[in-house]
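Here is a briefing on one protein chain. It covers the fold, the overall dimensions, the surface and the strand pairing.

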Amino acid sequence: MSLLDLGQIVMTDGVVDLVARERTESFELSLLLRRHMKGDWGELDEHDQGVNRSNMERGWRILSQYTLNAGQKIWIITERGITTVLLPEEY
């Protein structure tokens with residue numbers, strides 16, 4: 001069951017480069033998007049998960065953090081009908 005509508009999904013240049021360079025499977029990214037959509041926000045601490053829960057009620061920004069198989073951390077942020085996949089340093 002989905003808790004979150006992802007809307008339009010976009011990736012930053014850093015993620016596009018990472019996928020090409022590390023041969024990160026698009027399948028891996030799609031799994032992480034599904035986790036994000038279902039409320040599994042990955043490696044966030046309890047405080048940030050609480051912020052996400054509050055933000056869900058208000059329709060505000062939702063953040064997830066995951067580590068790809070290649071070892072790189074990525075963030076997935078959904079806000080205002082757009083879901084962005086980015087590297088933390090691109091924020």
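The model is predicted. On that basis, the element order from the N terminus is β-α-α-α-β-β-β. The radius of gyration is 13 Å, close to the 12 Å that the globule rule gives for 91 residues, so the protein is as compact as a globular protein of that length.

**Fold and dimensions**
- The protein holds three helices and four strands.
- Its C-alpha trace spans about 40 × 25 × 25 Å along the principal axes.
- Take the contacts between residues at least 6 apart in sequence: 52% of them join residues at least 24 apart.

**Burial, surface and charge**
- Buried residues make up 34% of the 91.
- The accessible surface is about 5,700 Å², and carbon and sulfur atoms account for 50% of it.
- There are 10 positive and 15 negative charges, and their mean positions lie 3 Å apart.

**Strand pairing**
- Strand β1 (residues 8-11) runs parallel to strand β4 (residues 82-86), joined by four bridges.
- Within that pairing, glutamine 8 has isoleucine 82 of β4 as its bridge partner.
- Strand β3 (residues 73-79) pairs with β4 in the antiparallel sense, over five bridges.
- Tryptophan 75 has leucine 86 of β4 as its bridge partner.

**Hairpin**
- Two residues lie between the strands in the hairpin of β3 and β4.
- Arginine 80, in this hairpin, takes a positive phi near 55°.

Conventions. Residues numbered from 1 in each chain as written. Predicted model: local features only at pLDDT ≥ 70, side-chain atom pairs only at ≥ 80, totals over all residues. Heavy atoms only, no water. Rg over C-alpha atoms; globule rule 2.2 N^0.38 Å. Buried < 20%, exposed > 50% of the residue type's maximum accessible area, 1.4 Å probe, protein only. Contact = heavy atoms within 4.5 Å. Areas by Shrake-Rupley, 256 points an atom, 1.4 Å probe, with all protein chains shown as cover. Lys, Arg positive; Asp, Glu negative; His and termini not counted. Charge placed at Lys NZ, Arg CZ, Asp CG, Glu CD. Pairing = 2+ DSSP bridges.
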